[in-house]
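Please read it alongside the sequence and the 3D view.

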Amino acid sequence: MEYVTLNNGIKMPQLGFGVYQISVPETERCVNQALEIGYRLLDTAQFYGNEEGVGRAIRHSGLPRQEIFLTTKLWFTESGYERARAAIASSLEKLGLDYIDLFLIHQPYGDYYGAYRALEEAYREGTVKALGVSNFYPDRLIDICHFAQVKPALNQIELHVFQQQPSSMETMRRYGVQPEAWGPLARGRRDLFTNPLLNQIAQRHGRPVSQIALRYLLQLGVVIIPKSTHPERMAENFDLFGFQLDESEMQALATLNEGDYLAPPPSRTEHVLNLIRN
Ligand SMILES: NC(=O)c1ccc[n+]([C@@H]2O[C@H](COP(=O)([O-])OP(=O)(O)OC[C@H]3O[C@@H](n4cnc5c(N)ncnc54)[C@H](OP(=O)(O)O)[C@@H]3O)[C@@H](O)[C@H]2O)c1
């Protein structure tokens, strides 16, 4: 496993397992299998409704707690200091853990400054080891980096071969914020698995297309958290450290960037409307 060091000195695995859209009864089974395969970074969220299953799998794994790096996220309905304070306590209770390694503000909506103050308090108390944000595109990220007392350590955004987010990446580099990809396989959409360039590079390395798409992000220094409910795919997505893309392959893959979002960024009205409808 490779690790990144966050801006507060905490080490984080560069490859992990995401549990979005894994049903509550399936979550414990999937996280168990992921831990058996070797994943040590887990990514959940209050919004996913499956923190309990993730916590149960961690607690029953027999692994020392410090070997696992757990991320969860504060949903926007819990913004504001008071609500966020209660929501952080609720996540700890649902997970059944004494601390959370990384807590993210899921979306820049509502009084997320108040929510961030509550996270800073939890950070000082030691129940949260690192703070970050998600879906904070450059204007929101620059804003919070200037005004928060504890600078966000990480920003989790949509990132994959078709959406490479150059201005977000540049902003994160400047502010010392670690980029993390959600949807690193473009959620299997956009014909990712039949893309001719990805297939050509995959054949050259004798590797599946999934590994080429994921390896590209790793070599850009991004933390990735691919999701699968199938153990053979979990294993495939974990086997990324035995080969390397060369400079010409990296340059070729950079040309796949289309810049279209799978889920529109939070500043887009249609995205806000969808969240309200759901
Ligand atoms: N912060 C945010 O707003 C946000 C938004 C979205 C996601 N996330 C996080 O990021 C994680 C990953 O993103 P994601 O789940 O949206 O998308 P993803 O990891 O890019 O793709 C998951 C999809 O690809 C399929 N898949 C996985 N590995 C495969 C393989 N080797 N071959 C073929 N198909 C494969 C999965 O199907 P099966 O499950 O059927 O195998 C699933 O349909 C989430 O689980 C969540 O933790 C965060």
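In this predicted model, a polar backbone atom of A186 lies 3.5 Å from an oxygen atom of the ligand. Taken alone, the ligand exposes 910 Å², and the protein buries 89% of that area. The shell around the ligand numbers 27 residues, of which D43, L185, R187, S228 and R233 come nearest.

**Ligand site**

- The side chain of R187 places a polar atom 2.8 Å from an oxygen atom of the ligand.
- Sorted by class, the shell holds 10 nonpolar, 11 polar and 6 charged residues.
- Helix α9, residues 231-238, supplies the largest share of the shell, with 3 residues.

**Helix α4**

- Helix α4 spans residues 112-125 and has 14 residues.
- From its first C-alpha to its last, α4 reaches 20 Å, close to the 20 Å expected at 1.5 Å a residue.
- The buried residues of α4 are Y112, G114, A115, Y116, A118, L119, E120 and A122.
- Their cover includes the helices α3 (81-95) and α5 (138-147), and also the strands β5 (69-74), β6 (102-105) and β7 (131-134).

**Buried polar and charged side chains**

- K73 sits in strand β5.
- K73 counts as buried because its relative accessible area is 0%, under the 20% cut-off.
- The side chain of K73 is joined to that of Y48 by a polar contact of 3.0 Å.
- Not counting residues up to four places away in sequence, K73 touches D43, T44, A45, Q46, Y48, F103, L104, H106 and Q156; D43 is also among the residues that come nearest to the ligand.
- S91 belongs to helix α3, one of the elements that cover the buried residues of α4.
- With a relative accessibility of 0%, S91 is buried.
- At 2.7 Å, the side chains of S91 and E51 make a polar contact.
- Beyond its neighbours within four places in sequence, S91 is in contact with Q46, E51, T72, I100 and F103. Q46 and F103 are also touched by K73.

**Loop residues with positive phi**

- Most residues other than glycine have a negative phi.
- Q21 has a positive phi, near 65 degrees, and lies in the loop between β3 (17-18) and α1 (24-37).
- Q21 is exposed, since its relative accessibility of 59% is over 50%.
- R190 has a positive phi too, near 55 degrees, in the loop between β9 (178-182) and α7 (196-205).
- At 29% relative accessibility, R190 is partly exposed.

**E258**

- E258 is found in the loop between α10 (247-254) and α11 (269-277).
- Its relative accessible area is 46%, so E258 is partly exposed.
- Which residues does E258 contact, leaving aside its neighbours within four places in sequence? They are F162 and R190.
- E258 and H230 are 28 residues apart along the chain, and 29 Å separates their C-alpha atoms.

How values were computed:
Residues numbered from 1 in each chain as written. Predicted model: local features only at pLDDT ≥ 70, side-chain atom pairs only at ≥ 80, totals over all residues. Heavy atoms only, no water. Near = heavy atom within 4 Å. Polar contact = N/O pair within 3.5 Å; in protein donor to acceptor, adjacent residues only side chain to side chain. Areas by Shrake-Rupley, 256 points an atom, 1.4 Å probe, with all protein chains shown as cover. Helix = DSSP H or I, 4+ residues; strand = E, 2+ residues; numbered from the N terminus. Nonpolar A, V, L, I, M, F, W, Y, C, P; charged D, E, K, R; others polar. Expected span 1.5 Å × (residues − 1). Buried < 20%, exposed > 50% of the residue type's maximum accessible area, 1.4 Å probe, protein only. Contact = heavy atoms within 4.5 Å.
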